[in-house]
Amino acid sequence: MADDIETQVEKAQPVARSIHPIFYITSWIFFSNLTILFNKWLLDPDRFTTILTCWHLIFATIATQVLARTTTLLDGRKNVKMTGRLYLRAIVPIGFLFSGSLVCSNMVYLYLSVAFIQMLKAAAPVAVLLTAWAWGVEQPSQSRLINVLFIVFGVGLASFGEIAFSLTGFLFQLGGIVFEAMRLIMIQVLLKGDGQKMDPLVSLYYFAPVCASMNFVVALFTEFRSFHIADLYNTGLWCLLLNAVVAFMLNISSVCLIGKTSGLVMTLTGILKNILLVGASVMIWQTSITPLQFLGYAIALAGLVYYSLGRDQIVEIATQLWTFLRNVWDNSPAYSSVSSSEEGSGHQPGGGGLPSAVRRALLMGLGVIVVVILAAGYIYGGADPRGGGGGGGAVGVPRPLGGGGDASSVKPVQVAS
């Protein structure tokens, strides 16, 4: 009798529903690209970039402290054995590199378009690998070296095809990539080597105060000299608050994505995010992309995918994708009606013509070609023939921070690592 009651109680309990991983993937792509596009519109070309970054980090410092005391999102910090020696030996130097990465990555948007910057960022794994070799974290290999050279060739081709190339912007982007590569390797050496593991939100909990202090010092001797309170009110306090919330939500979505998906999903999602951001830059600011640049970016992406996944996983994914598409085609109403008519007339499926698999492959290939042609026509048809970052701007929106200026050449601020 007691067993029957327990069984009924177990059946009465509701089944917990989990959120589909596609929600976390979409959220991370949305907040990541929204942060860049929002800040690109917000900032003036020549002023207050470091101040806005400092504001993001101050907001992140306050928000992480609040979340640590009111939620379980930062419970991972309890697994970190933080001491004064570890803070000075690891957190401060890593925070310095993080600040340098943010400053360089933000300054580059004063000189280069969003699309071209995303193309240059494809070389980031190259810097990480070379830094790992220099620190002795990984051993050099011929296959990795060839893969690295392939990515460098694609990025170089994209740079050669850039119409509005700026050496200053290129050097800033290179500096940001090097700072970020050194930061990642130092995390691996100084923190993971001591058994300390941090997710992005816990990392922000420790690094945000250090980065905010360093950015404040930099802004104190540079941008604060020309900053006026009128610039703050011209932008709007609520607009700045919303901007900081969006940047912080990017960190929240990063934590959720890491916890709910695999490293493979994160790698593919990151590549998709960069492609979408390039497309958004082309459509919103009419950024001009030359065919040579497009080819170089395609080569760099191919090398990046091979570097991140490896041959075996690429073959496995391609096989699964082909199987899925074949099943969808076989179960489609059009294919079923054709098969039924062939059976009714006494003909064998595929008899007297090309095999069904070849016909499906040709049809799908034709569809891909049509999509590529339409996309290329849309991109090159709407591109600004004069090059540059484009001449588009937001209409009916508040005045950007720092006064007037062309909104197409301003820069975003990325707080998330």
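Q: What counts as a disulfide here?
A: A disulfide is a pair of cysteine sulfur atoms within 2.5 Å. The structure is a predicted model.

Q: And how many disulfides does a search of the whole structure find?
A: The search finds 0 disulfides.

Q: Is Cys54 buried or exposed?
A: Cys54 is buried, at a relative accessible area of 5%. Cys239 is buried as well, with a value of 15%. Both count as buried because the cut-off is under 20% relative accessible area.

Q: Changing topic: how many aromatic pairs are found in the whole structure?
A: The search gives 10 aromatic pairs. Among them is the pair of Phe30 and Phe31, which is edge-to-face, with 5.2 Å from centre to centre and 75 degrees between the planes.

Q: What about the rings of Phe165 and Phe170?
A: Their centres lie 5.7 Å apart and their planes stand at 45 degrees, so this pair is tilted.

Q: Why tilted rather than stacked or edge-to-face?
A: Stacked requires planes under 30 degrees apart and edge-to-face requires over 60, so the 45 degrees of Phe165 and Phe170 leaves the pair as tilted.

Q: How accessible are Phe165 and Phe170?
A: Phe165 is partly exposed, with a relative accessible area of 39%. Phe170 also counts as partly exposed, at 25% relative accessibility.

Q: Which residues form one aromatic cluster?
A: The cluster is formed by Trp55, Phe59 and Phe248.

Q: Which ring does the charged end of Arg77 sit over?
A: The charged end of Arg77 sits over the ring of Tyr205, at 5.7 Å from the ring centre.

Q: On to helix H13. Where is it, and what length does it reach?
A: Helix H13 covers residues 291-309, which is 19 residues. From its first C-alpha to its last it reaches 27 Å, close to the 27 Å expected at 1.5 Å a residue.

Q: Which residues of H13 are buried?
A: The buried residues of H13 include the glycines Gly296 and Gly303 and the tyrosines Tyr297 and Tyr307. Gln293, Ile299, Ala300, Leu301, Leu304 and Leu309 are buried too.

Q: What follows H13?
A: Gly310 follows H13, and the phi of Gly310 is positive, near 90 degrees.

Methods. Residues are numbered from 1 along each chain as its sequence is written. This is a predicted model: local features need pLDDT of at least 70, side-chain atom pairs count only at pLDDT 80 or more; totals for chains, interfaces and linings use all residues. Side-chain values use heavy atoms; hydrogens and water are left out. Buried means under 20% relative accessible area, exposed over 50%, partly exposed in between (1.4 Å probe, protein chains only). Rings of Phe, Tyr and Trp (its six-membered ring) pair if their centres lie within 6.5 Å; planes under 30 degrees apart count as stacked, over 60 as edge-to-face and the rest as tilted. A charge sits over a ring if NZ of Lys or CZ of Arg is within 6 Å of the ring centre and within 35 degrees of the ring normal. Helices (H or I, at least four residues) and strands (E, at least two) are DSSP runs, numbered from the N terminus. The expected span of a helix is 1.5 Å times one less than its number of residues.
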